[in-house]
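Please open the structure in a viewer and keep the sequence beside it.

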Amino acid sequence: MSRLMALACAPVASVALFGALGIVYAKLGVFASWASMGVPATAACALMLALSRPWRAPARLVCAVDAVGAPRCLRERFDAKCLALYVGAGLVVTTWFTALSLSSPEGFTQSFDSMHHLGMIRTFAETGCWSSLDVATYAPEVRATTMPIAGWSFYPAAWHVTAALSASALGAPVAVAANATNFLFAGLVYPAGAFALLRCVLHDNPRALLCGAMAALAFAAFPWQMVNWGPLYPNLAAFALMPSVICFFMAIFAEGVARGERVAAAGLFAAGVVALALAQPNAVFTAAVFLVPYCVQLARRVPRLLGEGRDTRRSRNLASLVAVACIVAIWCALFSLPFLHEVVWHVWPAYASPQTALGNLLLLSYRETLPQVLLGVLVLAGAAQAWRDRRYTWILCAYVLMGGIYVVTLATDGLAKQLLAGFWYTDAARLGSSLAFYAVPLASLGLARAAHAAASARVVSAAGGRAPAAAACACVLAFAVVSFCPLGEGPVRTAFGDLAHSTRVAYDPTADNILSPEERAFAQEAAAITQGDLVLNMPDDGSEYVYALCGMNTYYRYNGPYGKSDETPESRLIREQLRDMATESDVWDAVDAVGATYLLLLDQGDPKLERSRHLFTFEWEQWQGVSAINDDALGFEPVLAEGDMRLYRIKRD
């Protein structure tokens, strides 16, 4: 590869390498840390660099098709400036969003997903087991005795590995490591990858390539919504890597490249698929849908390769139909795989009419994001150009295809919805982010047309000199001001400003939330008392976050689901009958079996948590055995008390 494109796509190789090392180390019993992961990885990459001697033979891979008529030195200089523009814009906009949305580096959203993401960072950093094939927020050596419900045989953990690297190297708190990792993927990895992709698909349109630096970051649905909704941190990382992986695939079939270069591109693509699978597998399907029209277009080349006499319109159409049939067959086969059953049959119910869903699509108002009218107009303008210009028609087809999946997901329920959108859990937020990614090339084309129109205006043309260039720059600057305007409150709001404001509210560590600042301080003090002893708890009172934030060895680190077949008998007894521990020997045996010595209650005396906040997963009936315990309960000695917060020592009278 050229050094410039290698730099832009490097995070894909890094993520694949770190993910593979984490799995291998876990199998070999090697403790994973920033040193054991970073040193051999860096040494291996340095060795490959030395052996490849890229300065002797400039490679053409990915950059195989260059702008017509431009000398190579000028193209390389232009590409270098473009990459710097993309990365610079990414750093500036991400810093701007971070400043608007985070009041503290340790801010985090108190949601169901957060307890898992933050807990995994701490588990990785403390246990040294960074494998995606055996994931749980408990140390491997105690899972058999202290895990109330089973973990995952596989969970995409590339984002968590990246965050654990910083937590391991710097001792950063898990919330700081999480926010820094999001900044890394949104501000550096994604802009660089977006440059690589747009360099491939818009290689002969330098204006659109330049405008892509702003267009790639202007959509509220991606990357910004992913730190708020869910939060979908793994999907953020996967979608940030996805543009580079698409580039690798396109390089396999680029015209004018040698067979060895195609083989190299295929190897890079395989590594990219591994990286996406370890980050979030649905990104593989997002990339696949994006490439479906491209593959159909490639199929139309086949008759030409078979000979001049076979290159007819009928044979090209037949090749396209065969390609579509193969794609549909592969899709249905993947949909039927047993290990994907739970994913593809996960249901998010429809909540909009077809007309509303189509309106949301046109206005770019995806799940819980405000309309982006100006950006939507630019996407339509780019779509009109792609319709007229056959070089870009396949991009428009990809956008229409994903748009159809999005509308079906929002407006319908049933087999068709599961078949089309099941690989994304039928989640409109993930599909909206996919649509935003698909729309970037179209928005780039539309913004380039608007800038060209501004530069070609009669008044500007009459001025001559640098006036046209200044007018084009002013047009792009005006677009940036409108897109990134921080209006998040009041009668006039922007999508970017509203999202930054809602994120700031959700991430505010001083807010009276599920885990209030007072409860967090109490838990920190309790953790100093309990040390590494196992602490029983009722997770819905806020203690689900205590392990990740304070390091307390809590028993329940998830809100659920409980009461199913994968829950241990000891956990069921503790949840339902812990208050009877002093009189029921089987309950005491359960407590003794898990090795618990303390009980933490952050909302003691509030059995239904009516005075406090809790997640949608809370079912009071499941926790009556814990919520009923008070200072007079036999077998529980108060060790620390403040308001309605208690730490009890468990003892048998």
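Which backbone nitrogen does the side chain of Ser 36 reach? Select Ser 36 together with Ser 33: the side chain of Ser 36 reaches the backbone nitrogen of Ser 33 at 2.8 Å. Such a pair is a polar contact, that is, two N or O atoms within 3.5 Å, where within protein one must be able to donate a hydrogen and the other to accept it, and where residues adjacent in sequence count only if both atoms are side-chain atoms. Ser 36 lies in helix 2, which covers residues 34-52. Helices here are DSSP runs of H or I with at least four residues, numbered from the N terminus. Apart from neighbours within four places in sequence, Ser 36 is in contact (heavy atoms within 4.5 Å) with Tyr 25 and Phe 31.

**Before going further**

This is a predicted model, in which local features need pLDDT of at least 70 and side-chain atom pairs count only at pLDDT 80 or more, while totals for chains, interfaces and linings use all residues. Residues are numbered from 1 along each chain as its sequence is written, and side-chain values use heavy atoms, with hydrogens and water left out.

Colour the model by pLDDT, the predictor's confidence in each residue, from 0 to 100. The mean pLDDT of the protein is 91, and 96% of its residues reach 70 or more. Now select residues 61-70, where the pLDDT is below 50; beyond near neighbours in sequence, this stretch has 28 contacts in the model. Where pLDDT is low, the predicted coordinates should not be read in detail.

**Helix 4**

Select residues 112-127, which make up helix 4, and find His 116 within them. Is His 116 buried or exposed? His 116 counts as buried because its relative accessibility is 5%; buried means under 20% relative accessible area, exposed over 50%, and partly exposed in between, using a 1.4 Å probe and protein chains only. Leaving aside neighbours within four places in sequence, the residues in contact with His 116 are Val 135, Thr 137, Trp 152, Tyr 155, His 160 and Tyr 558.

Next, select Arg 122 and Glu 126. They form a salt bridge, with the closest N and O atoms 2.9 Å apart. The term denotes a side-chain nitrogen of Lys or Arg within 4 Å of a carboxyl oxygen of Asp or Glu. Because the two residues are four apart in helix 4, about one helical turn separates Arg 122 from Glu 126. Arg 122 is buried, at 17% relative accessible area, whereas Glu 126 is partly exposed, at 43%.

**Salt bridges across the chain**

How many salt bridges are counted? The count comes to 15. Side chains of opposite charge can pair when their charged atoms come close.

Select Arg 301 and Glu 255, whose closest N and O atoms are 3.6 Å apart in a salt bridge. This pair links distant parts of the chain, 46 residues apart: Arg 301 is in the loop between helix 11 (282-299) and helix 12 (302-306), and Glu 255 is in the loop between helix 9 (233-252) and helix 10 (259-279). Arg 304 is partly exposed, with a relative accessible area of 46%, and Glu 255 is partly exposed at 47%.

Then select Asp 204, Asp 389 and Arg 391, which are linked in a network of salt bridges.

**Backbone stops**

Most residues other than glycine have a negative phi, and most peptide bonds are trans. Select Gly 230 and Pro 231: a cis peptide bond joins them, with omega about -5°. Pro 231 is in the loop between helix 8 (206-215) and helix 9. Another cis peptide bond joins Gly 560 and Pro 561, with omega about 5°.

Move to Tyr 425, which has a positive phi of about 60° although it is not a glycine. Thr 426 has a positive phi of about 50° and is likewise not a glycine. Tyr 425 is partly exposed, at 24% relative accessible area, whereas Thr 426 is buried, at 1%.
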